[in-house]
Amino acid sequence: MSIEITNESGVEVDESALLRLATFALDHLRVHPDADLAILLVDEAAMEQLHVQWMDEPGPTDVLSFPMDELRPGTDDDITPAGLLGDIVLCPQVAIAQAKEAGHSTLDELELLTAHGILHLLGFDHAEPEDEREMFGVQRDILVGFTLAERKR
């Protein structure tokens, strides 16, 4: 699995933890080991530009996902084919504020946002209540499973 992380945000981030989380999430979702994922961390100004350009929304946001090959989660019997999963863009400055509000660490928030972004790359959405329940349930399963796996490390 090729996961590339680039930090242009100016904020120190535990990139190895994000790499482990992304690897765990993709394994959990039965994505082919030859799939490619890029994670880019940017500052608020760059995120605001992307948010306006792609979502026509003002201000910076926490995470944006840009799917490439429209891959979907696999199953135990049929993993996702190899391909370009896409790009996730994270804004640590927004994550810092959200983490404080939620009462957890910035790394916890960035891991949540990474899992969330990966799910969007794989076609999950939360526009409708039923879709939101499904997506957030899978997201919770990934984060809980990852936390348990990290404790065993």
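**Reading the helices and the sheet**

Guide: Begin with a helix pair: helix α1 (residues 15–28) and helix α5 (residues 129–152) have axes that come within 10 Å and cross at roughly 120 degrees. The model is predicted, so local features need pLDDT of at least 70 and side-chain atom pairs count only at pLDDT 80 or more, while totals for chains, interfaces and linings use all residues. Residues are numbered from 1 along each chain as its sequence is written, and side-chain values use heavy atoms, with hydrogens and water left out.

Visitor: What counts as a helix or a strand, and how are the axes defined?

Guide: Helices (H or I, at least four residues) and strands (E, at least two) are DSSP runs, numbered from the N terminus. Axes are lines fitted to C-alpha atoms, for helices over the stretch in contact, and angles run from 0 to 180 degrees between N-to-C directions.

Visitor: Which two values describe packed helices?

Guide: Two packed helices are described by the angle between their axes and the distance between the axes. Angles under 35 degrees count as roughly parallel, over 145 as roughly antiparallel, 65 to 115 as roughly perpendicular and the rest as oblique. α1 and α5 are therefore oblique to each other. Their crossing is right-handed; a crossing is left-handed if the near helix is turned anticlockwise from the far one by less than a right angle, and right-handed if clockwise.

Visitor: Which residues make the contact of α1 with α5?

Guide: Contact means heavy atoms within 4.5 Å. From α1 come Ala-17, Arg-20, Leu-21, Phe-24, Ala-25 and His-28, and from α5 come Asp-141, Ile-142, Leu-143, Gly-145, Phe-146, Ala-149 and Glu-150. By class, the residues of this contact are eight nonpolar, two polar and three charged. Here Ala, Val, Leu, Ile, Met, Phe, Trp, Tyr, Cys and Pro count as nonpolar, Asp, Glu, Lys and Arg as charged, and the others, Gly among them, as polar.

Visitor: At what angle do α4 and α5 pack?

Guide: The angle between α4 and α5 is about 130 degrees, and their axes are 10 Å apart. That makes α4 oblique to α5, and the crossing is right-handed. The residues in contact include Leu-112, Ala-115 and Leu-119 in α4 and Phe-136, Ile-142 and Phe-146 in α5. This contact has nine nonpolar, three polar and one charged residues.

Visitor: What is the strand order in the sheet?

Guide: The sheet is open, with four strands in the order β1-β2-β4-β3 and mixed pairing. β1 (2–7) and β3 (63–67) are at the edges with a single partner strand each, so one side of each has no neighbour in the sheet. On average, neighbouring strands of this sheet are turned by 15 degrees against each other, direction ignored.

Visitor: How many bridges join the strands, and in which sense do they pair?

Guide: Two strands pair if DSSP finds at least two bridges between them. β1 and β2 (residues 36–41) are parallel over six bridges, with Thr-6 partnered by Leu-40 in β2. β2 and β4 also run parallel, joined by six bridges, and Ile-39 has Ile-88 of β4 as its bridge partner. β3 and β4 are antiparallel over five bridges, with Phe-66 opposite Asp-87 in β4.

Visitor: Is β4 mostly covered or uncovered?

Guide: Buried means under 20% relative accessible area, exposed over 50%, and partly exposed in between (1.4 Å probe, protein chains only). In β4, five of its seven residues are buried, so the strand is mostly covered. Helix α4 (residues 106–121) lies across β2, β3 and β4 (84–90), running at about 145 degrees to β4.

Visitor: Where is Leu-18 found, and which residues does it touch?

Guide: Leu-18 is in helix α1 and is buried, with a relative accessible area of 0%. Leaving out residues up to four places away in sequence, Leu-18 touches Ile-5, Val-13, Leu-41, Leu-90, Leu-107, Leu-110, Glu-111 and Thr-114.
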